[in-house]
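These are my notebook entries on a structure that I went through element by element. The sequence and the model come first, and my entries follow.

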Amino acid sequence: MAKKTTNKSNEKGWEYAPSLESTGHIELKESYDLFIDGKWVKPSSGKYFETINPANEKVLAKVAHANEEDVDRAVKAARKAYDTVWSKMAPSERAKYIFRIARLMQERARELAVIETLDAGKSIRESRDIDVPLACNHFFYYAGWADKLDYAFPTRKVESLGVAGQIIPWNFPLLMAAWKIAPALAAGNTVVLKPAETTPLTALKLAEIIELSGLPAGVVNIVTGFGDTGAAIVAHPDVDKVAFTGSTAVGKHIQRAIAGTDKKVTLELGGKSANIIFEDAPIDQAVEGIVNGIFFNQGHVCCAGSRLFVQESVAELVVRKLKQRMDSLYVGDPLDKNTDIGAINSKEQLEVINKYIKIGIEEGAEMYQPSCEIPSKGYFCKPTLFSNVAQSNLIAQEEIFGPVLTIQTFRTVDEVIQKANNSPFGLAAGVWTDKGSRIFNLTTKLRAGVVWANTYNKFDPASPFGGYKESGFGREGGLHGLRAYVKLK
Amino acid sequence: MGSTIPTVNFDWISFSTECVSLTEFGFFYGMSKPKPSPQFLSIPASPSIDKVGVEERCARFQTRSIKNDAKMQGLKMVLNMIDLTTLEGKDTPGKVRQMCYKAQHLHDSYPGLPTVAAVCVYPSMVGIARKELKDSIVKIASVSTAFPSGQAPMSVKLEDTRFAVSEGADEIDMVISRGKFLAGEHNFVFDEIAAIKEACGKARLKVILETGELSTLDNVRRASDIAIHAGADFIKTSTGKIQPAATMQVTYTMLMAIRDHYDRTGIMIGMKPAGGISTSKLALHNLVMVKEVLGEKWLSNEWFRFGASSLANDVLMQIMKTETGLYQSPEYFSMD
């Protein structure tokens, strides 16, 4: 007979034990040089800067700071590789190299994911399940196009552009490198790429992979540094194409810098995207979509659904459910497999976010943050929601680039279209409704490059991405992404 | 039938009027359908369910990593939530007696383990089980209402239920009339559940939706709402006779119905996924889901059960592995 004491085994609550991804298998050098012409070279200035782990503020490695002279060397190497090897190579041979890079990345996926998490602060769940696999897929996808360019643009003669100068941001370091490098190589261009100063490590690991792949010297060059390094790339006279992802302010600088030259340019800039919930939406899945829209990657996503519009009749319900869901999010060590929200990328960015949170409170919006603990060391920010927000609030107009959501209500379809479009940005939008016709009505009227229906923040190498208005121009991904790296005659 | 529609208490979603079809109320030109009970009309419209979104959410539960202490505690919770089940035509008193012993002595060579929550048998076996379990903490659940098809007249279903209760069942696992549900006669389903609830007396009522026959998550959600409002103490996914049974998507959809009901009324309803949960890993994923959707209050066998026959041994094997570091052969675990 069983003992009659108790038949309950859950009297103390059930907490997940910490489950840290191991870092034992990764290889990081103490310091990294510049990857130019297939070799690792010291910066001519001799200067190095530190890159830290934003989750504990510890130094991960020292990285070379490239100046104008280094950039010039890199561009020259890229030009030489373009003229002598890459543009002359049979497209099917080019494809083999790109496939090889993709496969090598897959083989080292675990290492890349851990380094991405260490350097950028994003949760291991995301870098493991999203960033790294998507980055690999971009290489696989564009490798497939390399020998089919004539079919990509039927009846046109396709030519490559030459040397592409590419500057990428810190929010998706490896993924953005893949978005930039893969289509450029497939179309027959050579590359000088500068990763962001706070997150250079996975691009440098990618350089190691490229070295291992036997890609001809100079086809891809990686130069690390700050804004001055990027400016040198943009200003270099022998760069044929500038591709930039980052802030709208820097995008405007680039536009000015290349005015009057025949450089081609694509800019993928900021956003303040509208996520619109109608009363007939699948509410619970919409709540999940809201969470995924704004808290994915700590809100460091240019297309983050940072402006939530909820139809008034369901506003109370949605906000209540949203708060419940936020309470179940884990904020903490990015290496813990159970972490949903990792560390803010840098001290500077945390200050920006906190500034906006302060503004929101001053503007009279109602703030909600879950009562979860956040680590005392490192840069962390609780998921934050502002309700009772008006279109005229600064927090509803300016890009915060953090886990901060503003909620506005609306009554009619026309009203929400007007409000959603009432922004200098136009990168993305989300529409949640059970009605198919309403989805199509909105997708034609919303001035945004990407409109998701009943989902949010979904990416695929085959689907183009890019903005309207101050969110930039040009498309990345898919056939459209290829178009940005070719001349058509 | 009336030209005036009774006042409907839609306190939850204001658009609900367009979502409740007239056929549901039985007001269809010239057709006479059984008049729905007034309580049925107070069920709020069920929100629509997006299957893709549900699948994504369920995938997220599976990325939670359960290790060390959390794993051991979770496994013991799972054991303690099992309704050890035998529902076969070939069930005999001997089989039921042996299962009742196992229910209280899962693995005596490793002391300190909990018992399962209940045994689950056909009405004809309830008396045997009661004699065997006497006043043990292990409860006796009996299926009823012409399980598993439910294709019997109401009087038979009521008698089936009363018999099981009189034989000593603590809990009744009824099946809904899926045919009626799919024919749009939701009020019939509601009234049937309400009647069985009454026949249960003090026994707790679990309502089996047989989600594998309901085909869409929208239907699962609507059936959950009907069952909850008709008086279910527990809602349960499946009979175990139809595949697919307790998928995470289905269980999640039902948990959300429980959540919404709790948020509206403060009343807790229990959940029992049954059929297809045969591994510890899947069981732990289910617990993660309960914890994150409903909260820790639901993490006890008063509010959450697994209907399973082979799950217990897999959990025992995992517990012994966690304890000793080695997997033991299945032969070390009793097969009752």
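**Confidence**

The predictor assigns the complex an ipTM of 0.92 and a pTM of 0.91.

I record that this is a predicted model, in which local features need pLDDT of at least 70 and side-chain atom pairs count only at pLDDT 80 or more, while totals for chains, interfaces and linings use all residues. Residues are numbered from 1 along each chain as its sequence is written, and chains are lettered from A and ligands numbered from 1 in the order in which they are written.

**Domains of chain A**

I found domain 1 (31-269) and domain 2 (274-453) in the domain assignment of chain A; such bounds come from an automatic or database assignment. Their C-alpha centres are 31 Å apart. Domain 1 of chain A brings 16 residues to the contact and domain 2 of chain A brings 20. On the domain 1 side, α3 (109-120) and α4 (124-145) of chain A each give two or more residues; helices (H or I, at least four residues) and strands (E, at least two) are DSSP runs, numbered from the N terminus. The largest share of that side, 3 residues, is from α4(A).

**The sheet**

I traced an open sheet of 7 strands in chain A, with mixed pairing and the order β14-β15-β16-β13-β12-β17-β18; two strands pair if DSSP finds at least two bridges between them. At the edges, β14 (366-368) and β18 (450-453) of chain A each pair on one side only. From one strand to the next the twist averages 20 degrees. β14(A) and β15 (residues 384-387) of chain A run antiparallel and are joined by 3 bridges; A:M367 has A:F386 in β15(A) as its bridge partner.

I then checked the helices on the sheet. Helix α10 (residues 283-295) of chain A touches β12, β13, β16 and β17 of chain A, and its direction makes about 170 degrees with that of β17(A). Axes here are lines fitted to C-alpha atoms, for helices over the stretch in contact, with angles from 0 to 180 degrees between N-to-C directions. Helix α11 (residues 312-327) of chain A runs at about 130 degrees to β13(A) and lies across β12, β13, β14, β15 and β16 of chain A.

**Between the chains**

I counted 30 residues of chain A and 37 of chain B in the contact. α10 and α11 of chain A each supply at least two residues to the chain A side, and α10(A) gives the most, with 5 residues.

**B:I49**

Is B:I49 buried or exposed? B:I49 counts as buried because it has 24 C-beta neighbours inside 10 Å; the cut-offs are 20 or more for buried, 12 or fewer for exposed, and partly exposed in between, with C-beta atoms placed from the backbone. I located B:I49 in the loop between β2 (31-32) and α3 (51-61) of chain B. Beyond four places in sequence, its contacts include A:P282, B:L217 and B:R221.

Technical notes. Contact = placed C-beta atoms within 7 Å.
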